[in-house]
Amino acid sequence: MNLTEDEIRELIKEAFDAREMAYTPYSNFKVGAALLTSNKKIYKGCNIENASFSPTICAERTAIFKAVSEGNRDFRAISIVGGKVNDTNFNYSPPCGVCRQVMVEFCDIEKFMIIIAKSIDEYKIYTLKDLLPISFSNKELESQ
Ligand code: THU
């Protein structure tokens, strides 16, 4: 099911809202994500850093894990915005490899849409398959 222009704009706006909550004392790079489920719920996430660095979690996984932990695993799209704390002009901030792998776990790679945005009006949309064309999934774990 394709996203409407209104849905895209709302998701980008929610990602900017989520970014406000980012906890980033080490990188000062703030990311926000907004995840749309098939039943039209939106889960927001931000990146949360840690003094020990590796426990840091990305905005995308925060949003996905919030949804999964509340029983929702049917995802349509995610929007992502990111930039340094004082940036006014944003660059596109694509999802890292770990987040793409987590998306593979829960999403239909040909249908799930990833919106990366600089602003409400400037965005690019990819499918998960565009961004991770050859992936490792639960299919690989099935016996031959
Ligand atoms: N980050 C995200 O939140 N999402 C990504 O997909 C890439 C990176 C965060 C992690 C870290 O807090 C900061 O951006 C700099 O890497």
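Start by selecting Glu-14, which counts as buried at 17% relative accessibility (buried means under 20% relative accessible area, exposed over 50%, partly exposed in between, with a 1.4 Å probe and protein chains only). A quick word on what you're looking at: this is a predicted model, where local features need pLDDT of at least 70, side-chain atom pairs count only at pLDDT 80 or more, and totals for chains, interfaces and linings use all residues. Residues are numbered from 1 along each chain as its sequence is written, and side-chain values use heavy atoms, with hydrogens and water left out.

Lys-44 makes a salt bridge with Glu-14, and the closest N and O atoms are 3.6 Å apart (a salt bridge is a side-chain nitrogen of Lys or Arg within 4 Å of a carboxyl oxygen of Asp or Glu). This pair links distant parts of the chain, with Lys-44 in strand 2 and Glu-14 in helix 1, 30 residues apart. Helices (H or I, at least four residues) and strands (E, at least two) are DSSP runs, numbered from the N terminus. Lys-44 itself counts as partly exposed, at 33% relative accessibility.

Next stop: Glu-7 and Lys-40. Their salt bridge has its closest N and O atoms 3.4 Å apart. Glu-7 sits in helix 1 (residues 5-19) and Lys-40 in the loop between strand 1 (29-37) and strand 2 (42-46), so this pair ties together parts that are 33 residues apart in sequence. Buried or exposed, what is Glu-7? Glu-7 is buried, with a relative accessible area of 16%, while Lys-40 counts as exposed at 60%. Bring in Arg-76 too: salt bridges that share partners join Glu-7, Lys-40 and Arg-76 into one network.

Back on helix 1, pick Lys-13 and Asp-17. They are four residues apart in that helix, separated by about one helical turn, and form a salt bridge with the closest N and O atoms 3.1 Å apart. Lys-13 is partly exposed at 45%, and so is Asp-17 at 33%.

Now zoom out. How many salt bridges does the structure hold? There are seven. Colour by secondary structure and you'll find four helices and five strands, running α-β-β-α-β-α-β-β-α along the sequence. Finally, show the whole C-alpha trace: along its principal axes it spans about 50 × 40 × 30 Å. Of the 144 residues, 44% count as buried.
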